[in-house]
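Please look over the sequence and the model shown here before reading on.

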Amino acid sequence: MALAIDALATVRISSEKMTGTRPTWAEVSRSRLVHNFDVLRSLAGPDTELLTVVKANAYGHGLEPCARVLASSGARWFGVTSVDEGVALRQVCPESRILIMAGIWEGEAETAIEHNLTPVVWEARHLDWLQAAAKRRNTRAGQVPVHLEVDTGMSRQGVAPEAIEELARRIDAQSPLRLEALMTHFYSPEDVEETRTQVNRYLSAAEALLPGKISWDLMSAGSSANLMYRSGLETVLGDAARTLRARRMIRPGIALYGYSPLPATPEWMQLREENGVRDHGIRPVLAWKTRVVTLREIPAGRTVGYGATFQAKRPTRVALLPVGYADGLNRLLSNRGSVLVRGQRAPIAGRISMDHTTVDVTGVAGVAVGDEVVLIGEQGQEKITADDVAEMVETISYEVLCDIVPRVPRVMVD
Ligand SMILES: *Cc1c(COP(=O)(O)O)cnc(C)c1O
């Protein structure tokens, strides 16, 4: 119990606004978040429940402020990873449904029930923990909804289709638990054939669920890709839902924040084009900014930063930015990435340090101490997206966004 209380205290501290004075911050656009949500809402159509995924601090955008905005725009369901996140979210969204997508761990069942969080379950012990906790709380039959995940090929979470019947039998009429949704997750949601295979496994699991004895009504399947790349996929999922007479739930994450689930590399862009994939006008929500805090002129031949990996070829103007890899600026951007200042690109010069980054501003006229610098976002005619950064450091926009650490304050704008 002491452990649980400590965990809660930690949540509260880490979710408190850190509005420091250090000039490095992330701006989160309320209007773009609402716009993206509206786009996804209309792609989903009126009969599909949208579960907006706000795990990992809303993909780095700030859990509580984003959830507040989404809830007031009509979002009814939220997806988080942990009970800790669920408890933090419950403070700002008292009426929303909150799905704990990564399930619960030992000792968390009571907190989950107390805060009306809905866990994903796939193992007998999840049910044991929840049933025992519900009993301690004198919960009536069917009062605790759960979403049962079936593993259709991701091999991450979920019960095998063959084992689902035995597991589901334990949620009987006397149980305090109620099966609300049968959930699965697609590993290649952009691929119609792979998804069809997974949907077939899903259907076989659904058929095993003792028709008529255990009822559930939500088919929870699909993420951003299933909304954005609709053509063939939509037919596959829609057909499955009709076969099961289930209501649909789709769980978009990255698209809410304005990015496509597919990388923006040339080969993927070509694939997108071939498949008629559009971005439906979604726009990046986050801009990461800092300021020039010091300027210096160095002569040709002088080096910059640890390991002297940058050597000036000409008299060079170096601007210092108060941001480093401890803020989540990937060190692989050293001598590779660039930033925007005075509407122009300035290359990162030398190694990114823990708390410092140096950029070569020789080619940008008039740079002054205090100038706003964009690490991710738009300035003048230029822009740097999380996809651009991701391509340079060989990852995906998701990681670039959630790498921005909590000490970088998130500021809601417009
Ligand atoms: C992260 C996640 C999503 C959202 O995926 P996006 O590609 O960001 O839309 C949906 N469902 C589950 C289970 C997830 O873990």
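Is helix H4 (residues 63-72) mostly covered or mostly uncovered?

## Helix H4

The structure described here is a predicted model. In this model, helix H4 is mostly covered, since 7 of its 10 residues are buried. The buried positions are Leu63, Glu64, Pro65, Cys66, Ala67, Val69 and Leu70.

Just after H4 comes Gly74, whose phi is positive, at about 110°.

Strands of a sheet pair through backbone hydrogen bonds, in either a parallel or an antiparallel sense.

On one side, strand S2 (residues 48-53) is joined to S3 by 3 bridges, and the two run parallel; here Val53 stands opposite Gly79 of S3. S3 also pairs with strand S4 (residues 97-100), in the parallel sense and over 4 bridges. In that pair, Val80 stands opposite Ile100 of S4. Both faces of S3 are covered: Trp77 and Gly79 are buried on one side, and Phe78 and Val80 are buried on the other.

Further along the order, strand S5 (residues 117-121) and strand S6 (residues 144-149) pair in the parallel sense over 2 bridges. Val120 stands opposite His147 of S6.

## The ligand and its surroundings

Which residues are closest to the ligand? The ligand is surrounded by 14 residues, and the closest are Lys55, Tyr59, Ser224, Gly253 and Tyr398. By class, this shell consists of 7 nonpolar, 4 polar and 3 charged residues.

Several side chains come within polar contact of the ligand. An N or O atom in the side chain of Lys55 is 2.7 Å from an oxygen atom of the ligand. Arg156 places a polar side-chain atom 3.3 Å from an oxygen atom of the ligand. For Arg251, an N or O atom of the side chain is 2.9 Å from a nitrogen atom of the ligand. Taken alone, the ligand exposes 380 Å², and the protein buries 91% of that area.

## The open sheet

A separate group of 3 strands forms an open sheet in the order S11-S14-S17, with antiparallel pairing. Why is one side of strand S11 (294-298) and of strand S17 (357-360) left without a neighbour in the sheet? Both strands stand at the edges and each has a single partner strand, so one side of each has no neighbour in the sheet. The twist in this sheet averages 30° from one strand to the next.

S11 pairs with strand S14 (residues 316-321) in the antiparallel sense, over 5 bridges. Within this pair, the bridge partner of Ile298 is Thr316 in S14.

Ala300 is found in the loop between S11 and strand S12 (303-304). How exposed is Ala300? Its relative accessible area is 47%.

Conventions: Residues numbered from 1 in each chain as written. Predicted model: local features only at pLDDT ≥ 70, side-chain atom pairs only at ≥ 80, totals over all residues. Heavy atoms only, no water. Pairing = 2+ DSSP bridges. Axes fitted to C-alpha atoms, helices over the stretch in contact; angles between N-to-C directions. Near = heavy atom within 4 Å. Polar contact = N/O pair within 3.5 Å; in protein donor to acceptor, adjacent residues only side chain to side chain. Areas by Shrake-Rupley, 256 points an atom, 1.4 Å probe, with all protein chains shown as cover. Nonpolar A, V, L, I, M, F, W, Y, C, P; charged D, E, K, R; others polar. Buried < 20%, exposed > 50% of the residue type's maximum accessible area, 1.4 Å probe, protein only.
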